Amino acid sequence: MTGLSPMMTQYMETKKQYSDCILFYRLGDFYEMFFDDAITVSKELELTLTGKECGLEERAPMCGVPYHAVEGYLSRLVQKGYKVAIAEQMEDPKLAKGLVKREVIRVVTPGTITSAQALDETKNNYLMAIVYESDCLGLSVADSTTGDFMVTEVTSERALLDEINKFSPSEIICNDAFSMSGIDLDEIENRYHFSKSTLDKRFFQEDGCRKILREHFKTASLEGLGLADYTCGVIAAGALLQYLYETQKCTLDHMTQITPYVTGNFMVLDSSTRRNLELLETMREKQKRGSLLWVLDKTHTAMGARLLRTWIEQPLIDREQILGRQAAIEELNLNYISREELGEYLNPVYDLERLIGRISYKTANPRDLLAFNQSLAMIPPIKTLLGEFTCDNLKKLESELDTLEDLHDLISRAIVDEPPLTVREGGIIREGFSEEADRLSSAKTEGKSWLADLEAKEREKTGIKNLRVKFNKVFGYYFEVTNSFKNMVPDYFIRKQTLTNAERYTTDELKNLEDVILGAEDRLFSLEYELFCQVRDTVAAEVVRIQKTARAVAAIDVYVSLSTVAMRNNYVKPAINEKGLIQIRGGRHPVVEKMLRDDLFVANDTLLDNGKNRVSIITGPNMAGKSTYMRQTALIVLMAQIGSFVPADQANIGICDRIFTRVGASDDLASGQSTFMVEMTEVANILRNATKKSLLILDEIGRGTSTFDGLSIA
């Protein structure tokens with residue numbers, strides 16, 4: 001566009017580089033949008049659309065949001081699937097010569113947003129990269145707010161969908177080959193509302209991916225990261241890391257490790273099983289209340305809530321790990337007072353994982369540091385209490401807790417008790433932390449008394465009774481002496497101005513005082529900002545210690561939660577076997593019994609083994625509780641493999657590698673599948689993937705078909 005004003009030319013050049021984003025362009029106290037961006041944002045956020053003279057015949061459409069409230073607007077746009085590039089002023093407009101320099105400081109996308117307002121603190125916000133290469137699918141998942149970073153490989157579309165179901169990413173990035181692989185994510189995209197984009201080939205160059213991983217983790221080879229066997233996974237992880245670097249434009253220091261995992265290390269739960277068993281939300285209302293998570297979640301911290309969700313989504317299949325978790329819960333059950341005390345200490349702990357993420361991104365404000373410090377104050381008593389316990393898992397967590405007293409001391413000395421939200425307007429640094437800041441603060445508040453003292457001193461010294469200190473914007477501070485006392489003015493007074501009936505003077509001491517007083521506020525604000533940034537950077541440098549402690553706190557919180565639930569609901573510790581035996585006496589449905597009043601739930605027994613009791617066929621009239629009983633069995637098995645105690649009088653649970661469910665009649669008319677077709681597809685999946693260690697729950701297969709068709713299916 002020719003004829004544009006210089007500022008709009010600068011805007012258009014920036015917009016050209018970020019054409020797939022809405023551009024938030026900083027002008028003074030507002031972020032402004034122009035042209036099509038303005039029209040889009042005004043509709044989506046219901047903002048008033050105005051116009052701006054830009055050198056063209058017509059005014060450019062324009063709308064804006066205040067810079068101090070930008071996070072709320074950002075989160076609303078990102079939740080609607082938009083990407084937003086934020087162009088910030090890179091120099092002080094007062095000092096700039098000509099146009100103020102502006103640069104894009106970050107690009108916010110659904111998978112990279114860090115705003116606390118936009119995120120559910122009990123859920124991870126995952127970004128997923130998928131790479132398709134010669135029949136292998138490389139997968140990498142990261143939560144940029146907590147630093148979690150994982151990589152794996154799968155070989156089938158079904159396994160890929162299972163992983164997407166497990167992580168529920170808010171954004172997926174993939175290569176061209178995946179877009180042409182024939183794998184259809186539309187159905188799952190509609191369910192989870194993630195945004196999907198195909199990135200340029202340069203993100204997926206193997207050499208570049210290996211290089212960025214080595215550089216980021218400061219290692220000579222990928223073998224040291226455990227990635228030697230993940231050729232395709234390495235490309236996914238490298239592409240994801242490059243994408244984060246390009247959008248966040250910072251060092252990502254809080255992403256301190258990458259965890260390769262094998263999908264077979266945990267019980268596999270496909271999408272229909274998660275849905276039918278209502279693990280995280282109910283089928284109809286999509287609410288937490290009424291789910292297994294709702295029953296088990298008595299966590300005190302956001303970190304604990306996220307970890308518990310992960311445990312439910314990834315039950316263990318290793319007997320020793322399950323027994324280790326059981327031992328921790330059992331010891332907490334036996335030490336009721338200590339457990340309750342742990343809960344009291346966990347209550348004030350904020351989200352350390354996301355706080356250190358914001359600190360690393362340099363977006364943390366003074367109140368974030370204060371919340372971080374309040375959390376650190378709770379670590380020493382938690383560590384002391386844990387020292388009383390003897391089981392391996394709790395002892396290990398106690399050893400991993402770093403009290404971080406050096407950081408707690410630094411923040412306590414540096415930051416005031418009630419700091420402002422903004423970082424550039426002063427009032428952050430505690431008195432006594434910096435001599436220079438104290439001096440400037442004194443200058444700002446005590447300047448008038450200093451001037452009065454100087455006036456009194458000079459009056460006494462010179463004998464000029466009507467000597468006055470005065471101020472104007474042109475000359476600053478000066479001594480005013482009337483003509484009648486002019487002959488008493490000492491040599492060290494320097495003339496500034498002559499008036500009809502008086503003379504104006506200055507002295508070296510008054511000049512120094514003037515410099516201190518007039519520059520004090522500006523210098524104080526910039527010094528406080530520098531000191532705050534130094535404190536924030538010192539904390540960020542200890543990210544590895546902090547993350548280790550945060551993970552330990554999260555695990556302690558989950559154990560306390562599971563122990564509390566077990567004691568309140570009269571759960572028992574199940575025996576764990578590897579013989580394929582599932583024996584439950586007096587079993588109860590964990591959710592249904594909580595929804596009923598007055599202990600109305602009737603307990604049931606279950607016996608399944610690899611012999612005569614391999615299959616149980618449940619019959620009875622409608623509303624007799626058949627589906628409840630079947631789900632109950634699956635949930636008790638799943639809870640046992642989380643390491644939790646279970647709702648029963650007695651239980652002996654054989655480890656299952658998968659739980660398959662086909663419960664109830666539902667169609668999928670949107671994708672042209674009848675109830676019968678959905679049933680047949682799901683049963684085909686079960687038959688294809690089930691092993692001798694799998695638990696199958698089949699309910700109402702072939703309902704509505706003729707008698708002989710039903711018998712054939714059976």
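This is a predicted model: local features need pLDDT of at least 70, side-chain atom pairs count only at pLDDT 80 or more; totals for chains, interfaces and linings use all residues.

Analyst: The position to begin with is Leu524, which is found in helix 20, the helix that spans residues 508-540. Leaving aside the neighbours within four places in sequence, Leu524 is in contact with Ala437, Leu440, Ser441 and Lys444. A further relation across the chain concerns Gly427, which lies 97 residues away from Leu524 in sequence, while the C-alpha atoms of the two are separated by 9.2 Å.

A pair of packed helices can be described next. Helix 13, covering residues 336-346, packs with helix 16, covering residues 379-386, at an angle of about 165°, and their axes are 9 Å apart. The two helices are therefore roughly antiparallel to each other, an assignment that rests on the angle being over 145 degrees. On the side of helix 13 the contact is made by Ser338, Glu341, Leu342, Tyr345 and Leu346, and on the side of helix 16 by Pro381, Ile382, Leu385 and Leu386. The crossing of helix 13 past helix 16 is left-handed.

Turning to strands, an open sheet is formed by three of them, in the order 13-22-23, and the pairing is parallel. Strand 13 (268-269) and strand 23 (695-698) stand at the edges with a single partner strand each, so one side of each is left without a neighbour in the sheet.

The cysteines complete the picture. A search of the whole structure finds zero disulfides. Cys21 is accordingly in no disulfide, and the nearest cysteine sulfur, that of Cys63, is 16 Å away. Cys21 is also buried, with a relative accessible area of 4%. For Cys136 the closest cysteine sulfur is in Cys232, at 3.9 Å, which is too far for a bond because a disulfide requires the two sulfur atoms to be within 2.5 Å. Cys136, like Cys21, is buried, and its relative accessible area is 18%.

Note on methods
Residues are numbered from 1 along each chain as its sequence is written. Side-chain values use heavy atoms; hydrogens and water are left out. Buried means under 20% relative accessible area, exposed over 50%, partly exposed in between (1.4 Å probe, protein chains only). Two strands pair if DSSP finds at least two bridges between them. Helices (H or I, at least four residues) and strands (E, at least two) are DSSP runs, numbered from the N terminus. Axes are lines fitted to C-alpha atoms, for helices over the stretch in contact, and angles run from 0 to 180 degrees between N-to-C directions. Angles under 35 degrees count as roughly parallel, over 145 as roughly antiparallel, 65 to 115 as roughly perpendicular and the rest as oblique. A crossing is left-handed if the near helix is turned anticlockwise from the far one by less than a right angle, and right-handed if clockwise. Contact means heavy atoms within 4.5 Å.
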